[in-house]
Amino acid sequence: MTPSLDRRGLTYGFAAYFIWGLFPIFMAWLEPAGALEIVAWRSVSSLAVCLMIVPFMAGAWPRIVAVVRDGRTMLRLTAASLLIAVNWGVMVYAVVTDRVASTSLGYYINPLLTVALGVFFLRERLRPMQLVAIGVAAVAVTVVAVDMGGLPWISLVLATSFGLYSFIKKDVGAKVDALTGLTVETAIQLPLAVGVLIWVHASGTQTLLVRGAEGLGWVHDTLLLTTGTWTAGALLIFAAAARRLPLNISGLLQYIAPTMTFALAVWYFHEPMPSARWAGFALVWVALVLITVDSWRARASAAVTPPGRVTEPV
C-alpha cells in the first residue's frame with residue numbers, strides 16, 4: 001500500500017467482499033426455499049431497494065432515462081442482466097445442494113478467465129507469467145474434474161457468467177453508474193422473476209407465506225423478501241470503493257470472498273474435501289499468485305514508462 005491509499009475506500013472494499021463472502025450463509029438461512037424462488041425474490045427485492053434509493057440520489061432518474069433511450073447500451077445491459085441472473089441462480093443452487101466449495105473455485109477462476117477474455121475479445125497479448133498462470137489453472141480444473149468424476153460445471157458456469165458480466169459492465173462503465181446499472185438490470189429481470197414466482201406457486205413449491213414445515217414462518221418470509229438488500233447494499237458499497245482504490249488493490253481484495261466461501265465450505269457446511277480437491281485448489285492459488293504478481297509488475301512498469309513509450313496492455 002502507498003501512503004496516499006484511501007483508507008475509507010479500503011474499508012468499503014473490504015466490507016463489500018466480506019458481505020459477498022457471507023452469501024452462502026445468507027442463502028442457507030432461506031431453506032427450505034428452492035433456488036428458483038430465492039433468485040426470483042432476490043431480483044424483485046433488489047429492484048425494490050434500488051427504486052427506494054433512486055429518489056434520494058441527485059440526477060438518478062435522468063441517468064436511468066438516458067440509459068433506457070440508448071438502444072446500444074440497453075442491449076448490453078440486457079445481456080448483462082441475463083448473465084448475472086444465471087450467475088445468481090447457479091450460486092444459490094450450489095448452496096442449497098451443498099456444493100459451496102464449487103462456488104469458491106468458480107470465483108477463484110474468474111480473474112484468470114478475465115485475462116483470457118481480454119485475449120479473445122480485445123486481442124491482448126499474453127505475457128509469459130499470465131500464460132503459465134492460465135496453464136496452471138487449467139491443470140487445476142482437470143484435477144478437480146477427475147476427482148468429481150466430471151467437469152466442475154458449477155465452477156465453470158459461475159466463472160464464465162461473471163467474467164462475461166464484468167466484461168460487459170466494463171464496456172458500459174463510462175455511461176452507467178452502479179445504481180443505474182443495477183436498477184435497469186433488475187427491471188429487465190422483473191418479467192422473468194414474476195413468471196418464475198407464478199410457476200413456483202403453481203407447482204406447489206412456494207415457501208413464502210406457507211406454514212407447517214420446519215424453517216417456515218415470519219422470519220423466513222422477511223429474509224426472503226429482503227434478499228435484495230444484501231445484493232444492492234454490497235454492490236453500492238463496492239462502487240464507492242472502486243472510485244477510491246487503485247485497480248491493483250481492488251484486484252487483491254477480490255480474493256476475500258472466495259477465500260471466505262472456501263473456509264465456510266470446509267468448516268461451516270462440512271463438505272467433503274478429498275486430497276485431490278485440495279490439490280486442485282492449491283494449484284488455483286498458485287495460479288492466482290502468479291497472475292497477481294504479474295499484474296503488479298506490469299502496473300509498476302507502466303508507472304515508470306517515459307512519456308511517448310508504448311507498453312504492453314495490462
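Seven salt bridges turn up in this structure, which is a predicted model.

**D177 and R63**
- D177 pairs up with R63 in a salt bridge, and their closest N and O atoms are 3.0 Å apart.
- This one links distant parts of the chain: R63 belongs to helix 4 (residues 60-69), while D177 is in the loop between helix 8 (153-172) and helix 9 (178-202), 114 residues apart.
- D177 has a relative accessible area of 27%, so it's partly exposed.
- R63 is partly exposed too, at 32% relative accessibility.

**D70 and K175**
- Between D70 and K175 there's another salt bridge, with 3.4 Å separating the closest N and O atoms.
- D70 is in the loop between helix 4 and helix 5 (71-96) and K175 is in the loop between helix 8 and helix 9, so the pair ties together parts 105 residues apart in sequence.
- D70 is partly exposed at 24% relative accessibility, whereas K175 is exposed at 54%.

**D221 and R211**
- D221 and R211 also form a salt bridge, at 2.9 Å from N to O.
- You'll find D221 in helix 10 (residues 218-225) and R211 in the loop between helix 9 and helix 10, ten residues apart.

How values were computed:
Residues numbered from 1 in each chain as written. Predicted model: local features only at pLDDT ≥ 70, side-chain atom pairs only at ≥ 80, totals over all residues. Heavy atoms only, no water. Salt bridge = Lys/Arg side-chain N within 4 Å of Asp/Glu carboxyl O. Helix = DSSP H or I, 4+ residues; strand = E, 2+ residues; numbered from the N terminus. Buried < 20%, exposed > 50% of the residue type's maximum accessible area, 1.4 Å probe, protein only.
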